[in-house]
Amino acid sequence: MGSLREIKDRIGSVRSTLKITSAMKLVASSKLRKAQKAIEGLRPYEKTLGEILFSLASESKSVLCRPVEVSAEDETRRAGVAVVAISSNSSLCGGFNANVIRKASEVIEGNDVVEVYSLGRKMADAMKKKGFPSREDYSSLVARPSYEAAAALASALQKDFMEGRVSRVVLVYNHFVSNSKQVAVAETYLPFEMPSSMTGEPECAEEYIVEPSPSKVVETLLPQVLMLKFYVAILDSAAAEHAARTVAMQTATDNAEDLLGELTLEYNKGRQQKITSEILDLLGGAAE
C-alpha cells in the first residue's frame, strides 16, 4: 500500500482523466448522431437514383461500367490499381484505425497498386511507411465531410479510370454496422458494379419515358451516382469512427470509475488505520 499522499494524488489524476473521457464520449455521441442523420437524409435520394440506373443499365455502354481495355503494345505500361483508404485524423477510437489500415495493406499486397489516396492522417502516416505517400492532404475531407470536395476527388478518379491511368479503383473504409460494431471493407469503386441488393427486380419497377435515349441518361446519371457513393463512404467511415470513439471513451470512463472506487476504498482504509494507530499511541502514552 502506498502512502496516503500518493493515493490521494492518484485519485486526483484519475478524476481529471474521468472528466476528459466523459467529455470526449459526449462529443463523439453528438457527432455520431449528426453523421447518422446525414446518411439517413441521403438514402432516399441514393435509392431512387439506383432504381433509375438499374432500369436503364441494360442500355448502358458507359466506359465507367467496364474495365479499361489496353492494347498489346501498351501492356508493358498497363495501368494498375488505385486505392482510396479512409481512416481518422486522430486516435483514441479503439481498433478503428488499426483495422482499416490492415485491410488496406491486404489490398495493396494482393494487387498491382500504383497509387494510394489516404483520407485521414493515420492512414497517410501508415501508407507513407509502406512507400505510398499521399499526393495531397485530405485530412479536412475526413474532419469536415463535404459533398463538393468528395465529388471533386471522385471526378478525378473517374477521369483517371476513363483515360486508362488506372484499371481499377478500390475503396477501403470502416462500415458502420451498429454503435458497437464497425467492419473494415474493401469495395470496387470503378469499374461500376450494380449493388447486390439490386441484381433482382426492383421492388417498384417503373417504366420511365427517357429523352433523348437511355444510354445518354445513364452517361449523365452514372457519374452522379458514383460521386454520391464516394461521399456516402466518407460519411459511413465518419459514423463508424464516432461510434468507435464513443465505445472506447465509455470503456475508459467505466475503467476510471472502477479504479477511482478502488483507490478511494484504499485511501479510506489507510486513513482509518492511521487514525487507529494514533489513538492507540495516545492511549498507550496515557497509561504510562
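This is a short tour of a predicted model, stop by stop. Residues count from 1 along each chain as its sequence is written, and side-chain values use heavy atoms, leaving out hydrogens and water. Local features need pLDDT of at least 70 and side-chain atom pairs 80 or more, while totals for chains, interfaces and linings use all residues.

**Helix 1.** Select residues 4-56. Helices here are DSSP runs of H or I with at least four residues, and strands are runs of E with at least two, numbered from the N terminus. Helix 1 has 53 residues and reaches 76 Å from its first C-alpha to its last.

**Asp9 and Arg5.** Now pick this pair in helix 1, 4 residues apart. A salt bridge means a side-chain nitrogen of Lys or Arg within 4 Å of a carboxyl oxygen of Asp or Glu. The whole structure has 6 salt bridges.

**Arg135 and Glu115.** Which two side chains meet at 2.5 Å, N to O? They are Arg135 and Glu115. Arg135 lies in the loop between helix 3 and helix 4 and Glu115 in strand 2, so the pair ties together parts 20 residues apart in sequence. Arg135 is exposed at 53% relative accessibility, whereas Glu115 is buried at 18%. Buried means under 20% relative accessible area, exposed over 50% and partly exposed in between, using a 1.4 Å probe and protein chains only.

**Helix 6.** Finish at Leu283, found in helix 6 (residues 214-287). Leu283 is exposed, with a relative accessible area of 56%.

Notes:
The expected span of a helix is 1.5 Å times one less than its number of residues.
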